[in-house]
Amino acid sequence: MTTWDAPGIVRSGTGAEALDVALGTMVVDTVTGGMGRVRTVDANGMISVEHPNGHTWRTCAVRAASSVERLNLLAADAAQAIRAHRQADAPAP
């Protein structure tokens with residue numbers, strides 16, 4: 001983790017600062033283990049993460065997704081796209 005020195009202040013970087021998170025980056029929430037893409041990072045370092053199923057949560061600690069975790073997220077993206085396509089093609093009741 002990164003540390004900054006300021007006059008009389010020492011603090012650890014937030015999860016977002018340490019990872020230099022860009023929007024859309026695939027990450028793993030190190031608190032809950034949830035995986036998803038970064039949607040927003042607020043001024044306090046809280047990171048909004050969205051799973052392909054649409055579930056969104058906020059966390060302060062993430063790490064970059066490994067290659068296997070990225071593949072799992074891409075598979076979840078594909079499954080969600082197929083479900084959305086089937087719902088769009090379904091006849092109205």
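This is a predicted model: local features need pLDDT of at least 70, side-chain atom pairs count only at pLDDT 80 or more; totals for chains, interfaces and linings use all residues.

Is T59 buried or exposed? I noted a relative accessibility of 4% for T59. The cut-off for buried is under 20%, so T59 counts as buried.

Next I listed what T59 touches, leaving aside neighbours within four places in sequence. The contacts of T59 are D29, V31, G45, M46, I47 and V49.

I then went to the strand pairs. Strand β3 (residues 26-29) runs antiparallel to strand β4 (residues 35-41), and 3 bridges join them. In this pair I found V28 opposite M35 of β4. The β3-β4 hairpin has 5 residues between the strands, and G33 there takes a positive phi near 85°.

β4 also pairs with strand β5 (residues 47-50), antiparallel, over 4 bridges. Here V38 stands opposite V49 of β5. I logged 5 residues between the strands in the β4-β5 hairpin, with G45 at a positive phi near 90°. G45 and V49 were already in my notes as contacts of T59.

Last, I took down the totals. I counted 2 helices and 7 strands, in the order β-β-α-β-β-β-β-β-α. Of the 93 residues, 25% are buried. The protein exposes about 6,100 Å², with 57% of that from carbon and sulfur atoms. Among contacts with a separation of 6 or more, 37% join residues 24 or more positions apart.

Key
Residues are numbered from 1 along each chain as its sequence is written. Side-chain values use heavy atoms; hydrogens and water are left out. Buried means under 20% relative accessible area, exposed over 50%, partly exposed in between (1.4 Å probe, protein chains only). Contact means heavy atoms within 4.5 Å. Accessible areas come from the Shrake-Rupley method with a 1.4 Å probe; for residues, only the protein chains shown count as cover. Two strands pair if DSSP finds at least two bridges between them.
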